[in-house]
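This report covers selected side-chain features of one chain. The sequence and the structure come first.

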Amino acid sequence: MRATFIKTACHPKDYPTLKDSRGRVLREVAVLGRSNVGKSSLLNHFFHAKNLVKVSSTPGKTQTIQFFTFEDKWAFADLPGYGYAQVPGGIRSSWKGMVESYLQERGSLSLVLLLLDIRHLPNEQDLALYEWLFYHNKPTLIVLTKTDKLSSHQLAAQQARIIEALGQKHSSPTNPLLSILYSVPKNQGHRELLFSLHQTLSHPPSIV
Ligand code: GDP
């Protein structure tokens with residue numbers, strides 16, 4: 001197995017310190033997206049695992065962070081999905097608290113994968129989260145999921161619309177807003193995602 005489940009945690013005091021076999025703190029990739037966007041499916045596919053990342057039976061109810069290590073190389077934090085219509089307000093605000101403290105306090109956080117379903121333009125919550133990440137200087141890679149649901153000629157136009165909706169002010173010719181297309185059934189995006197992670201996270205981790 002290339003990935004290992006480490007633990008579930010809600011509060012910063014319970015987050016694991018994840019190191020490689022040489023004792024260096026692993027750079028961490030946080031994975032965020034609306035409930036049902038395909039987050040668990042993508043992670044299992046990326047990890048070449050069947051059920052390592054648990055799919056919540058009640059969407060929107062999983063309010064914990066799951067930590068994984070991947071090939072003695074990187075760590076992954078699967079953050080709870082947001083925006084499920086049936087979730088009561090109290091859970092929504094606990095989501096915000098949990099995710100904000102993770103994003104602000106996790107020193108090893110090196111990249112956020114923000115997953116968006118390619119069929120839909122980003123909604124208010126997606127945009128608010130993206131703005132927050134941008135404002136707080138969190139390196140972010142957009143991953144557009146379920147691309148098999150669109151025809152190949154629809155894909156590029158829809159990808160452009162989503163990037164446009166996220167805000168051109170956040171990109172420039174030298175710093176373009178990057179996005180990756182991902183489909184689990186079509187086995188699309190794995191290589192591109194791996195390549196992007198290597199590019200973003202290749203410098204050596206810090207020694208503590
Ligand atoms: P999560 O709530 O974000 O973890 O979403 P899941 O991974 O549980 O996926 C939600 C639904 O979308 C499930 O029915 C999956 O089978 C489906 N799904 C996930 N990824 C894909 C994909 O790439 N293509 C298609 N067609 N369906 C997908």
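## Salt bridges

In this predicted model, K96 is partly exposed, with a relative accessible area of 48%. Its salt-bridge partner is E100, with 3.3 Å between the closest N and O atoms. E100 is likewise partly exposed, at 25% relative accessibility. Both K96 and E100 belong to helix α2, where they are four residues apart, about one turn of the helix.

The structure has nine salt bridges. Another of them links R106 to E28, the closest N and O atoms being 2.8 Å apart. R106 is in the loop between α2 and β5 and E28 is in strand β2, so this pair ties together parts 78 residues apart in sequence. R106 is buried at 11% relative accessible area, and E28 is buried at 0%. R24 pairs with D20 at 3.0 Å between the closest N and O atoms; D20 counts as buried, at 9% relative accessibility.

## Nonpolar cores

The largest nonpolar core holds 35 residues, of which L32, I65, F67, Y102, L103, I142 and L166 touch the most other members. Elements supplying at least two residues each include β2, β3, α3 and α4. Helix α2 contributes the most, with five residues.

A separate core of 26 residues includes F46, W74, L194 and L201.

## H190

H190 is part of helix α5, residues 190–201, and is buried at 10% relative accessibility. The H190 side chain reaches the backbone oxygen of F46 at 3.1 Å. Beyond four places in sequence, H190 touches R2, H45, F46, H48 and Y182.

Conventions: Residues are numbered from 1 along each chain as its sequence is written. This is a predicted model: local features need pLDDT of at least 70, side-chain atom pairs count only at pLDDT 80 or more; totals for chains, interfaces and linings use all residues. Side-chain values use heavy atoms; hydrogens and water are left out. Buried means under 20% relative accessible area, exposed over 50%, partly exposed in between (1.4 Å probe, protein chains only). A polar contact is a pair of N or O atoms within 3.5 Å; within protein, one must be able to donate a hydrogen and the other to accept it, and residues adjacent in sequence count only if both atoms are side-chain atoms. Contact means heavy atoms within 4.5 Å. A nonpolar core is a set of buried Ala, Val, Leu, Ile, Met, Phe, Trp, Tyr and Cys residues joined through side-chain atoms within 4.5 Å. A salt bridge is a side-chain nitrogen of Lys or Arg within 4 Å of a carboxyl oxygen of Asp or Glu.
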